[in-house]
Each structure stands twice: as C-alpha cells, then as structure tokens.
Amino acid sequence: GPTVFRGALLSMGHLAGYDFTKTWLKKKRLAREGPVLHVGASIAAAFYAVTLSCPADRVMTEFQSAPNRGVQYAGVLDCAGTIARAEGPMGFLRGWWPLFLRIGPTFASFGAVYEVARKLMGMDYF
C-alpha cells in the first residue's frame, strides 16, 4: 500500500541522493573524501529523500486519517486526486518542512557514521 511505496521512495532518495551527491562533489573537485563531504552528501540525501517521499507521505496521512474526520475515499488514487483538485500540485508537498526537520538530523549523521564505521573495519569509503 501507500506505506510501502512511501518507504521505497524515502530509501531511494536517501541512498541514491547520498551516492549521487558524493560522487558529483568529488568529480567536480568541490570536496575531498572526509567528514565535510560525508555530512554534506547526507544533508543533500535528506533533501532528496523528503522531496521524493513527501507526496506519498501526504497521501498516506490523508488516506489513513480520513475515517477519523468522517471522510471516505474510494481508494488511494481517489485520495490523491482529491488533494490535486483541492490544492494543486503543491498540495502534495504540504508537510515537507516537518518531515525534513524530523528526518534531516538522522540522515545528516548517517553518512558520516557509516563512512567512519567502514574505515574502522578496514574497508574503503563508499
């Protein structure tokens, strides 16, 4: 359902965003391997993850809370269509900041911790 789809988008944005940003910054010689690169790529990954998953998060939240508000949707697509008609495309990004503020710190620390752990185990950087 919508929860699995949201999780897939979140993970895709996080992991692909981290790898893309880290590779791009190194290729353009804007950053060298190290904590600054890892934290910077992690913050960018949080941005990508939240931006990709926010529409699914919004639909999931709206759909799952509808019965408590006395609203009934024919399905998830009906819920998404209602959001689009009522609020336009930006309606799918409602809640972006709270989601970023919740996920951002965790994702920002992930890259640095992950890379240090790899180095301590004798592995090269990701």
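**Helix Packing and Salt Bridges in a Predicted Model**

Good morning. Glu62 is buried, at a relative accessible area of 14%; buried stands for under 20%, exposed for over 50% and partly exposed for what lies in between, with a 1.4 Å probe and protein chains only. The model is a predicted one, in which local features need pLDDT of at least 70 and side-chain atom pairs count only at pLDDT 80 or more, while totals for chains, interfaces and linings use all residues. Residues are numbered from 1 along each chain as its sequence is written, and side-chain values use heavy atoms, with hydrogens and water left out.

Let me stay with Glu62. Its side chain meets that of Arg58 in a salt bridge, at 3.7 Å from N to O; the term requires a side-chain nitrogen of Lys or Arg within 4 Å of a carboxyl oxygen of Asp or Glu. Both Glu62 and Arg58 belong to helix H2, four residues apart, which is about one turn of the helix. Helices here are DSSP runs of H or I with at least four residues, numbered from the N terminus. Arg58 counts as buried as well, at 8% relative accessibility.

Glu62 has another partner: Arg69 forms a salt bridge with Glu62, with the closest N and O atoms 2.9 Å apart. Arg69 counts as partly exposed, at 43% relative accessibility. Through shared partners, salt bridges join Arg58, Glu62, Arg69, Glu87 and Arg94 into one network.

How many salt bridges does the structure hold? There are eight salt bridges. One further pair is Lys22 with Glu115, whose closest N and O atoms are 2.7 Å apart. Lys22 and Glu115 are both buried.

I turn now to helix packing. Two packed helices are described by the angle between their axes and the distance between those axes. The axes are lines fitted to C-alpha atoms over the stretch in contact, and the angles run from 0 to 180 degrees between N-to-C directions.

For H1 and H4, the axes come within 12 Å and cross at roughly 50°. The two helices are therefore oblique to each other, a class left over once angles under 35 degrees (roughly parallel), over 145 (roughly antiparallel) and 65 to 115 (roughly perpendicular) are set aside. The crossing of H1 and H4 is right-handed, that is, the near helix is turned clockwise from the far one by less than a right angle.

Which residues meet here? On the H1 side they are Arg6, Leu10, His14, Tyr18 and Lys22, and on the H4 side Leu99, Arg102, Ile103, Phe107, Phe110, Gly111 and Glu115. This contact divides into six nonpolar, two polar and four charged residues. Contact means heavy atoms within 4.5 Å.

Leaving aside residues up to four places away in sequence, His14 touches Ala45, Ala49, Phe107 and Phe110.

The other pair is H2 (residues 35–65) with H4 (residues 96–120), whose axes come within 7 Å and cross at roughly 140°. The residues of this contact comprise 16 nonpolar, six polar and two charged. H2 passes H4 in a right-handed crossing.

Finally, Leu77 is found in helix H3 (residues 76–87) and is exposed, with a relative accessible area of 75%. Thank you.

Definitions and conventions:
Ala, Val, Leu, Ile, Met, Phe, Trp, Tyr, Cys and Pro count as nonpolar, Asp, Glu, Lys and Arg as charged, and the others, Gly among them, as polar.
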